[in-house]
Amino acid sequence: MIFEAKDLRIYYKTKKGYVKAVDNINFSVEKGQTVGLVGESGCGKSTFGQGILKILPPTTYYSGNMRIEDIELVGLNENEIRKIRGKKIGMIFQDPMTSLNPVMKIEKLFFETLKTHEPDITEEEARERTAKVLEKVGIEPKRMSEYSFQFSGGMRQRVMIALALVLNPILVIADEPTTSLDVIVQAQIMKLLNELRKEYDMSMILITHDLGVVAEMADKICVMYAGHIVEEASSENLYYNPKHPYTKLLLKSIPNTDINDLELKYIPGFPPDLSNPPVGCRFSPRCPFKKEICEVKEPPIVEVEGSKVKCWLYSGVEK
Amino acid sequence: MRKKFISERLGEFISDLFGTGTGWLTFVGALILIFYIILAVFSPQIAPYNPTERVGRSLTAPNDQFIFGTDNLGRDVLSRVIYGARIALMIAFIAVAIAAGVGVPLGLISGFIGGPFDRVLTLIMDAIYSFPGLILAIAIAAVLGPGVINIAVSIAVVYTPTYFRVIRNQVASVKSELYVEAARALGAKNYEILMKYIFPNVLPSIVVVLSMNLADAIMTEAGLSFLGLGIAPPTPDWGFDLSNGQRFVLSKAWWGLLYPGIAIITVVLGFSMFSEGLNELINPTIRERR
Amino acid sequence: MSLKSYIITRIILALPMILVLLILIFFILRIIPGDPVLAILGGKAPVEVIEAKRHELGLDKPIIIQFFDYLGDVAKGDLGVSTLTNRPVWNEIKDRFPATLELTIFAFIIALVIGIFWGAEAAWRKDKPLDISARVYSIFIYAIPVFWLGLMLQLLFGIYLRWLPVGGRLSPRVSLDIKTGLLLLDSLITWNWEAFWDVLKHLLLPGITLGLVISSIFLRMVRNNTVLMLSKDFVKAAKARGLKPRVILYGHAVRNAFVPIFTIMGMQFALLLAGAVLTETTFSWPGIGSYLVLKIKYRDFPAIQGAIIFFALFVVIISIIIDIVNALVDPRVRY
Ligand SMILES: Nc1ncnc2c1ncn2[C@@H]1O[C@H](COP(=O)(O)OP(=O)(O)OP(=O)(O)O)[C@@H](O)[C@H]1O
Ligand SMILES: [Mg+2]
């Protein structure tokens, strides 16, 4: 196992109290796996992704365990975790426009990253490695002396990917890597990510809204709702045999590729306020299959036909 | 780009520290202003001595008789500081009145008429505006010579473009608003449109700029008189007293320097707090705040 | 656009402004004061003398011709002859300019150092004591007249503590070969350590005075912009790559915070010059500012005019330079 989170809680501290953006989740990534993390906006996906690297505001509260290889992350101080960031875990952000410093040549971004983790590296070596990784993502190495705003959106995201890979991390977290791009470019970037993951023999956590995209790429998918992981299943299981009512609704809301059916379906209602989440199952206020117990007690996670589901509908089945 | 008034900057600094919407700061500012206005108006009644007469030994350190000490000519520093408020406030008010009195009508007309007249005037105003204010005031004060009005005029020239620019730009944008168009369609005369529809619209900005301008005028006046370009001695004047006091730093006569300076600083702070509050009150939305 | 064509465009755009400024100065100094000859010679000079002087100065020509003569002279770098010293004004200004330059550069550096470091650290520790003290400092510094601050520093460090001299640029007993006129530089290139320390000591008080006064603006701008930049995605991305806090703060956040700051610097420069006039007078610093004040005392109009023109051109040139630096720092300006 490359990465594992156990009973992980990540709470933002705000004036109104704690925002329980990640609340008691268990999550793991095997070597070479791609794990998808899906859910509506605001359910805590990015919080989890960034929480792994502990780049959330300094007042953020963490508890539970996170392990990358044999290193326990939750207890690490800033100086120790810094050596993990970029080196063992690379991160790709959603918007390459704002995530690349506009007043720096892109080579500078690579050099400073290399220099930070490998202080003895020579200028030439750094240049060579940058050229190599840029080539891998399909950018002419000679463009490394340009600024990010001179690149198109898709090219910029390639730069971001190269930047995340330049230190050969064992895990890459891609947080909605294609959301800001055109549809065609989205597909290219996803394909590239998949190829590179294989080539670099990494594991990947792929965060997205888009169930369609992850289903193709991910070995395993975790569905998040309001700070909880409500369903964990292999892509196939999730896609053809969803268990949790939320997953089912989420799948229905995928826009159909059939042009004649342009109608988008939304899940009625809104995700809850995470500083004061509903008692019991957090999805219960919006759940069409709600039972009495759902509003009283938090459901346990149970295994049903190879999937793990956090829902009272299945609690009787196994036991 | 726009130069900022001292009051405006100080207002930013102050609201950085205390947050916006601090009514009590405006209140403190107003208190300081009232205090200095009272000093200025009633200086003969308040000041213990005649400020231009020798009343003690030269360069006496502060003591029970002269609580701020005496200057090199044996004049009471306290009385001079009190009388100094007169000159400072008088010149500031006159300068601001002239600047507004010239800048506002020009801005109104220029913005309203437009065309080449507007372009030429704007270019001239921009040139004045780009010039370092104090140096411009120095040049004009140098040719005009001393005197309350002359100094006020020198200062006014520096700030006229500010009024001009603020008003002109507002007029230019108000001009195309619907109700102005409607008034014009109904046959209202230009003069009527200007006075009835446009002027009331720009009035709040004028008030705010006026109030903010005062601290700058006081600072510029202090600078001019420090350089010997203010009103003629022996009239008490903070800036001049500071330059006079500097001649005796070697004798460690700190009191001649400390008190006029504190007077300038408190007046500037008072005006700034007051105008910042006024500004928030009148134009809560116009502020550009980061 | 290449940097070169950007620079050329920028200079061409400045020309009308320079022309209007020159007209303005001509108007203020030639037309308002009435008769400059009377000002030079005093009211009681005989008529023939006045006429002769009038002719000598070209004042008997129509005002338009006078104006073009004046423009031509300025374009040739001829600012007339001082009526006080009979030396060409341009030469006098050239002699004194390095002192002003040295003072303003030194002050600018002090202001930048205070602004950048205090501003950056305050942004990093937002709402902590270091940040709050920065705001209190800004308020007071900005309400204090520069010459009064100078006087207080003089009193404290010059008179009471006797650490630093209260005026001038160089002690009379110290010798120094003057090459550039920037004494700090001159003493360095001639390896004259004694002179270097002496010059530095003279420069400290006026430099700090002027520097402190403009530092509050920089401080606020750096602090606020850095706070803004620290919340940007690229800072988070830099953090995610494991960069050190110092690198993130100075290499990314402050660096980007500087982009808008450069554009505002032009305005600060005008403030700096006005401050320089007062500071030079306070510290008997032999630069253009104290030159102007001195010449006003003696009503030396050609010199006054020369100094004012010089200041006007200086401001325009600096604003061009700042725009160019801006284009260098922020490549987006050029493209
Ligand atoms: N710095 C913060 N302080 C307080 N609350 C925060 C902060 N950042 C995010 N949140 C809250 O935490 C919750 C989870 O946010 P997060 O960004 O992790 O969601 P997400 O699933 O990534 O959404 P999206 O799909 O829109 O990116 C949201 O309710 C959000 O409002
Ligand atoms: Mg997100």
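## Where chain C meets chain B

How many salt bridges are there between chain C and chain B? The count is 0, taking a salt bridge as a side-chain nitrogen of Lys or Arg within 4 Å of a carboxyl oxygen of Asp or Glu. Polar contacts do turn up in this predicted model: the rule finds 4 residue pairs across the interface of chain C and chain B, both residues at pLDDT 80 or more. A polar contact here is a pair of N or O atoms within 3.5 Å; within protein, one must be able to donate a hydrogen and the other to accept it, and residues adjacent in sequence count only if both atoms are side-chain atoms.

On the chain C side, α1 (3-31), α6 (129-143), α7 (146-160), α9 (193-230), α11, α12 (288-297) and α13 (301-329) each put in at least two residues. Helix α11(C) has the largest share, 11 residues. By type, the residues on this side of chain C split into 40 nonpolar, 9 polar and 4 charged (Ala, Val, Leu, Ile, Met, Phe, Trp, Tyr, Cys and Pro count as nonpolar, Asp, Glu, Lys and Arg as charged, and the others, Gly among them, as polar).

The contact, meaning heavy atoms within 4.5 Å, takes 53 residues from chain C and 48 residues from chain B. About 4,800 Å² is buried between the two, and carbon and sulfur atoms give 81% of that. Buried area is the accessible area (1.4 Å probe) that two parts lose on being put together, summed over both.

## Where chain C meets chain A

Now for the other partner of chain C. Here 22 residues of chain C touch 27 residues of chain A, and about 2,200 Å² is buried, with carbon and sulfur atoms giving 59%. Lys236(C), Lys239(C) and Arg241(C) supply 28% of the area that chain C buries against chain A, more than any other three residues.

The rule finds 1 salt bridge across this interface: the side chains of Glu112(A) and Arg241(C) meet at 3.5 Å, N to O.

## The overall layout

Of the 2 pairs of chains in contact, chains B and C share the most contacts. No contact joins chain A and chain B, and their closest C-alpha atoms lie 17 Å apart. Chain C itself has 13 helices and 0 strands (DSSP runs numbered from the N terminus: helices are H or I with at least four residues, strands E with at least two). Its C-alpha trace spans about 85 × 55 × 40 Å along the principal axes.

## The sheet in chain A

Chain A has an open, mixed sheet of 8 strands in the order β6-β7-β8-β3-β9-β10-β12-β11. Its edge strands, β6 (89-92) and β11 (301-304), each pair on one side only, where pairing takes at least two DSSP bridges between two strands. β6(A) and β7(A) (residues 171-175) run parallel and are joined by 4 bridges, with Ile92(A) opposite Ala174(A).

## How to read the numbering

Residues are numbered from 1 along each chain as its sequence is written, while chains are lettered from A and ligands numbered from 1 in the order in which they are written. Local features need pLDDT of at least 70 and side-chain atom pairs count only at pLDDT 80 or more, whereas totals for chains, interfaces and linings use all residues; side-chain values use heavy atoms, leaving out hydrogens and water.
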